[in-house]
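Please read the following walk through one protein chain with its sequence and its structure side by side.

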Amino acid sequence: LDRPVSGVILFAKTSKALERINKMFKAREMHKTYYAVVRKRPNPIAGTLVHYLIKNPQKNVTKAHDREVPGSQRSELNYKLVGELDGYYLIEVDPITGRPHQIRVQLSTPGCPIVGDNKYGYPRGSLRKSICLHARRLQFIHPIKKEPILITAPVPKDGFWEKFEGMMG
């Protein structure tokens, strides 16, 4: 997770487990669900975003392009509007790929920057040094036991996120 993002983090107990988990991420067998709060209603209210991203490591910022450009990586996510509260919109995001800053830059590109994310277009940062992006769920099949695993992270207790928790799956 990016430093200003809250939510699920998975740690491996052993190097063998880490190897298996990394393989599962690469094979897209890990299903992640995020929630983002934005101030602009997305249009359309649900869909798929595809961009070609290039990360500038010196500035720690990623740029989105509509077409493939040299050095870019294809990035894809599905999103849908799930609720509105006092002029804030809650968006559920299911990334298909896992690129640095992917959700942040891909939501910002069509004009829906995440609340508090001034790096990607929100007018001001958060006093808490966080942005309104939360890694809510991680789902996968246990590599040894072959049982489904679902990890869900509660929202931060900050007086803002709790207002949206009832809208989340």
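How many salt bridges does the count come to? The count comes to 5 salt bridges. The model is a predicted one, and every value given here is computed from it.

One of these salt bridges joins the side chains of R74 and E76, with an N to O distance of 2.8 Å. R74 is partly exposed, because its relative accessibility is 38%, a value that falls between the limits of 20% for buried and 50% for exposed.

Another salt bridge is made by the side chains of K80 and E92, at 3.8 Å from N to O. K80 belongs to strand β5 (residues 73-85) and E92 to strand β6 (residues 88-95), so this pair ties together parts that are 12 residues apart in sequence. The two partners can be looked at one by one. K80 counts as partly exposed because its relative accessibility is 38%. E92 has a relative accessibility of 11% and therefore counts as buried.

R104 and D117 form a further salt bridge, in which the closest N and O atoms are 2.7 Å apart. This pair links distant parts of the chain, 13 residues apart: R104 sits in helix α2 (residues 102-108), while D117 sits in the loop between α2 and β7 (133-141). Are R104 and D117 buried or exposed? R104 is buried, since its relative accessible area is 5%. D117 is also buried, with a relative accessibility of 2%.

Salt bridges also occur as a network, which links R136, K157 and E165.

Which residues make up the positive surface patch? K16, R20, K23 and K146 form it. Of these, K23 is found in helix α1 (residues 15-26). The relative accessible area of K23 is 57%, so K23 is exposed; the limit for this class is over 50%.

The next stop is helix α2 again, which contains I103 as well as S108. I103 has a relative accessible area of 6% and is therefore buried. Which residues is I103 in contact with, once its neighbours within four places in sequence are left aside? They are Y34, L77, V93, P95, I114 and L133. For one of them, Y34, the separation is 69 residues in sequence, and the C-alpha atoms of I103 and Y34 are 8.9 Å apart in space.

S108 is buried too, because its relative accessible area is 18%, which is under the limit of 20%. When residues up to four places away in sequence are not counted, S108 touches P113, Y120 and G121.

With a relative accessibility of 43%, T48 counts as partly exposed. What does T48 touch, not counting residues up to four places away in sequence? The residues are E76, L77, N78 and Y79. Among them, N78 is 30 residues away from T48 along the chain, yet the C-alpha atoms of T48 and N78 are separated by 4.4 Å.

Two of these contacts lead back to residues named earlier. E76, touched by T48, is the salt-bridge partner of R74.

Conventions
Residues numbered from 1 in each chain as written. Predicted model: local features only at pLDDT ≥ 70, side-chain atom pairs only at ≥ 80, totals over all residues. Heavy atoms only, no water. Patch = residues over 30% accessible without salt bridge, like charges linked within 9 Å, V, L, I, M, F, W, Y side chains within 5 Å. Areas by Shrake-Rupley, 256 points an atom, 1.4 Å probe, with all protein chains shown as cover. Salt bridge = Lys/Arg side-chain N within 4 Å of Asp/Glu carboxyl O. Lys, Arg positive; Asp, Glu negative; His and termini not counted. Charge placed at Lys NZ, Arg CZ, Asp CG, Glu CD. Helix = DSSP H or I, 4+ residues; strand = E, 2+ residues; numbered from the N terminus. Buried < 20%, exposed > 50% of the residue type's maximum accessible area, 1.4 Å probe, protein only. Contact = heavy atoms within 4.5 Å.
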